[in-house]
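Dear colleague,

Please find below the sequence and structure that I am handing over to you. My findings follow.

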Amino acid sequence: VKVGVRTRGCNGLSYTLEYTKSKGDSDEEVVQDGIRIFIEKKAQLTLLGTEMDYVEDKLSSEFVFNNPNIKGTCGCGESFNI
């Protein structure tokens with residue numbers, strides 16, 4: 001999985017997730033518990049210190065980001081600003 005950040009939403013930035021099998025030239029690779037995650041170069045400073053988790057409950061299953069750099073989020077939770 002490749003994680004990135006795009007300009008989108010009512011508050012500025014939004015996370016992106018893409019399936020990939022190979023690391024791009026400027027991607028950072030993180031391996032934890034046997035899982036490989038690639039981080040796009042332009043998202044590395046924005047995601048510094050961020051924890052990513054996969055959460056399942058009765059109504060949904062999703063990746064959740066805990067980013068200590070966020071200064072604000074939109075009301076719908078789809079975007080954030082730093």
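A residue is called buried when its relative accessible area is under 20%, exposed when it is over 50%, and partly exposed in between, with a 1.4 Å probe and protein chains only. Buried residues make up 26% of the 82 residues in the protein.

The model is predicted, so local features need pLDDT of at least 70 and side-chain atom pairs count only at pLDDT 80 or more, while totals for chains, interfaces and linings use all residues. Residues are numbered from 1 along each chain as its sequence is written, and side-chain values use heavy atoms, with hydrogens and water left out.

Overall form

The protein has 0 helices and 8 strands; helices (H or I, at least four residues) and strands (E, at least two) are DSSP runs, numbered from the N terminus. The C-alpha trace spans about 35 × 35 × 20 Å along its principal axes. The radius of gyration, taken over C-alpha atoms, is compared with a globule rule of 2.2 Å times the number of residues to the power 0.38. For 82 residues, a compact globule would have a value near 12 Å, and the 13 Å of the protein agrees with this.

Two residues

Thr16 is found in strand 2, which covers residues 13–18. Thr16 counts as buried because its relative accessible area is 10%. Leaving aside residues up to four places away in sequence, Thr16 touches Lys2, Val3, Gly4, Val5, Arg6 and Arg8, where contact means heavy atoms within 4.5 Å.

Leu45, by contrast, is exposed, with a relative accessible area of 73%. Leu45 sits in the loop between strand 4 and strand 5. Leu45 and Asn69 are 24 residues apart in sequence, and their C-alpha atoms are 9.3 Å apart in space.

The largest pocket

The largest pocket has a volume of about 540 Å³. A pocket is an open set of points on a 1 Å grid over the protein atoms alone, where a 1.4 Å probe fits, with protein on both sides within 12 Å along at least five of seven lines; lining residues have an atom within 4 Å of a point. The volume is the space filled by probe spheres set on the points. Of the 19 lining residues, Val30, Gln32, Ile37, Thr50 and Met52 are the closest to the centre of this pocket. Strand 5 gives the largest share of the lining, 4 residues. The lining divides into 11 nonpolar, 4 polar and 4 charged residues; Asp, Glu, Lys and Arg count as charged, Ala, Val, Leu, Ile, Met, Phe, Trp, Tyr, Cys and Pro as nonpolar, and the others, Gly among them, as polar.

Yours sincerely
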